[in-house]
Amino acid sequence: MLKTLNIENIAVIEKAQIEFNNGLNVLTGETGAGKSIVVDSINAILGERTSRELVRHGADFAFVSALFEDVSDNVKNKLDKLGYSAEEDGSLLLTRKITEAGKSVCKINGSSATVSILKEVGQLLVNIHGQHDSQSLLNPDLHYQFVDMMSENDDFIKNYKESFHKLISVRRKLKALTDDEEDKDRVLELLEYQIKELEDADIQPNEKTELLKKKRRIESSEAMLLALNNAGVALGGNDEFDGASTLVSSAAKSFSSVSSLSDGAEKILSVLNDISEEIEEVKDLIHSEIASFDFDENEREQIEERLDLLYKLSLKYGNTEEEMLSFLENAKEKRNAVLFNDEELEKLTVQYDALLDEVMKKAEKLSEFRKKTAEAFEENVRNQLAFLDMPKIKFVVHFEKGNLSSNGFDKIEFLISTNPGEPAKPLAKIASGGELSRIMLAIKNVIVHNDTIGTLIFDEIDTGVSGRASRKIGLKLKAVSEGTQVITVTHSAQIASAADAHFLIQKDFDNDRTYTKISSLDFEGRKKELARIMGGLNITDALLKSAEEMLLSDSE
């Protein structure tokens with residue numbers, strides 16, 4: 001049910017908050033006070049189309065929020081499918097901000113949503129029935145739902161839907177296999193090529209990582225060998241120049257003949273001899289290190305080629321070796337599926353035929369249930385309409401056999417005849433706005449205990465109706481509100497007197513601006529408002545007395 005509605009900058013309403021009752025709520029006020037704006041605001045929060053003209057003049061944006069309590073399982077399931085959830089206590093907060101440019105920002109329990117998502121959820125929360133808007137009655141595709149709501153066959157309907165969904169699942173598999181059969185040779189050729197290419201490559205897990213490690217070792221070994229060779233040439237020389245070993249030995253030889261001439265010369269000779277010995281020692285170390293190297297240029301080339309192959313395969317079959325190996329396994333499974341396609345096709349065909357026979361039998365039984373229910377439904381709706389001063393309307397539930405679907409094969413449409421002797425025709429084409437609202441009220445009275453919609457809104461259901469009929473409409477609204485929250489905009493004192501909560505919408509003026517305020521009325525306030533509705537500007541003691549009697553009578 002709708003608990004709280006907040007409105008900001010919607011048309012002439014600058015700011016208003018309404019705390020609705022869970023029974024019958026009525027909105028009254030003079031013509032043009034802004035009653036329709038409340039309904040427009042609720043339509044906006046339910047995801048209906050709006051325009052920037054809805055934004056109050058001079059404001060940057062309009063804002064509406066609606067807090068719902070004890071939402072139904074249908075709503076919770078829809079929220080789950082859409083990626084949202086109700087609060088643990090079953091509450092749900094919808095908000096919508098409409099900018100001056102006409103753009104909308106919507107949220108569900110604080111999480112961003114689109115207008116279309118808001119509408120999907122809103123359709124399960126509220127039904128609005130106005131003079132020109134009775135969505136579910138105007139759409140014949142939804143008429144079967146009213147008949148099903150009155151039936152006692154929820155389990156059978158659920159069982160039928162489960163069988164139908166199994167049938168659809170098998171049909172999809174059959175279609176996929178049939179499509180594969182038509183392109184079998186091409187698919188097999190591609191799979192065989194992919195499998196051979198991957199198997200020939202003999203890919204190993206983590207192979208690329210190990211190859212890169214080897215490559216780095218080879219590259220570092222190459223650099224070390226180059227350094228050793230350069231050092232060896234520098235110390236030992238080559239065909240082009242003498243190395244350090246030769247140069248130091250030559251220097252020592254030069255000093256050997258003069259070393260006895262001075263202590264300094266003898267010391268130099270000694271140092272040169274030591275250096276010569278150390279150089280020879282280093283040369284031996286270099287030669288030994290070079291001799292120990294196991295460096296294979298061919299191995300590096302092989303590693304480069306292997307890495308190149310893995311890179312090319314990764315572009316086709318997956319970034320890692322694991323992904324490529326997984327691709328290989330999947331390709332083998334697909335190949336087997338294609339090779340054994342005929343066997344699977346035959347198996348699924350037998351399964352499909354059996355399921356189709358099962359679903360058709362259940363659809364026949366469902367149709368029988370519905371036709372029996374429809375007889376009682378027609379009679380009950382006619383009785384309700386007669387009570388609402390529409391005794392001459394003939395209400396018919398018309399059946400045709402249509403295509404098999406998740407709802408059976410019944411094409412159900414409500415027909416009416418407004419004048420005796422005339423054939424019944426589609427309700428959507430014959431009924432006026434006021435008649436549609438009363439027909440919906442009659443239907444809701446019939447199915448009220450099975451309806452999953454938590455809130456019903458009737459916008460000026462009393463249009464063109466006499467006082468006697470208004471009184472009856474009020475009684476029916478009161479009866480419906482015992483099982484479903486009802487909100488109605490009315491000009492009828494007879495309907496307003498039946499309310500559990502009464503809200504007055506008034507227009508006020510300040511500094512050349514128009515303001516609309518919404519007030520919850522107590523007993524005295526209701527008495528004055530009923531008197532105003534009955535008598536207009538002249539509220540007499542007699543009218544007040546009459547209004548009081550109406551209120552006391554309805555409270556009994």
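Biologist: How much space lies in the second largest pocket?
Modeller: About 290 Å³ lies in it. The model is predicted, so local features need pLDDT of at least 70, side-chain atom pairs count only at pLDDT 80 or more, and totals for chains, interfaces and linings use all residues. Residues are numbered from 1 along each chain as its sequence is written, and side-chain values use heavy atoms, with hydrogens and water left out.

Biologist: What counts as a pocket, and what as a cavity?
Modeller: On a 1 Å grid over the protein atoms alone, a pocket is an open set of points with protein on both sides within 12 Å along at least five of seven lines, while a cavity is a set where a 1.4 Å probe fits but cannot get out; lining residues have an atom within 4 Å of a point. Points are joined across faces, edges and corners, and the volume is the space filled by probe spheres set on them.

Biologist: Where is lysine 401, and is it buried or exposed?
Modeller: Lysine 401 is found in strand β10. It is exposed, because its relative accessible area is 57%; exposed means over 50%, buried under 20%, and partly exposed in between, with a 1.4 Å probe and protein chains only. Leaving aside neighbours within four places in sequence, lysine 401 is in contact (heavy atoms within 4.5 Å) with Met360, Glu364 and Phe409.

Biologist: On to cavities: how many are there of 30 Å³ or more?
Modeller: The count by this rule is one. The largest cavity holds about 50 Å³ of space. Its lining includes Lys208, Tyr311 and Met324, and helix α11 gives the most to that lining, with three residues.

Biologist: Which residues touch the most other members in the largest nonpolar core?
Modeller: They are Phe377, Phe395, Phe414 and Ile443, in a core of 49 residues. Such a core is a set of buried Ala, Val, Leu, Ile, Met, Phe, Trp, Tyr and Cys residues joined through side-chain atoms within 4.5 Å. Helix α15 (residues 433-447) provides the largest share of this core, eight residues. Apart from this core lies another of 46 residues, among them Leu5 and Ile42.

Biologist: What caps the N-terminal end of α18?
Modeller: Aspartate 522 does, with a side-chain oxygen 3.3 Å from the backbone nitrogen of glutamate 524. Helix α18 (residues 523-535) has 13 residues and reaches 18 Å from its first C-alpha to its last, close to the 18 Å expected at 1.5 Å a residue. That expected span is 1.5 Å times one less than the number of residues.

Biologist: Last one: is serine 481 buried or exposed?
Modeller: Serine 481 is buried, because its relative accessible area is 7%. This serine is found in the loop between α16 (467-480) and β14 (485-489). The side chain of serine 481 reaches the backbone oxygen of lysine 478 at 2.7 Å.

Key:
Helices (H or I, at least four residues) and strands (E, at least two) are DSSP runs, numbered from the N terminus. A polar contact is a pair of N or O atoms within 3.5 Å; within protein, one must be able to donate a hydrogen and the other to accept it, and residues adjacent in sequence count only if both atoms are side-chain atoms.
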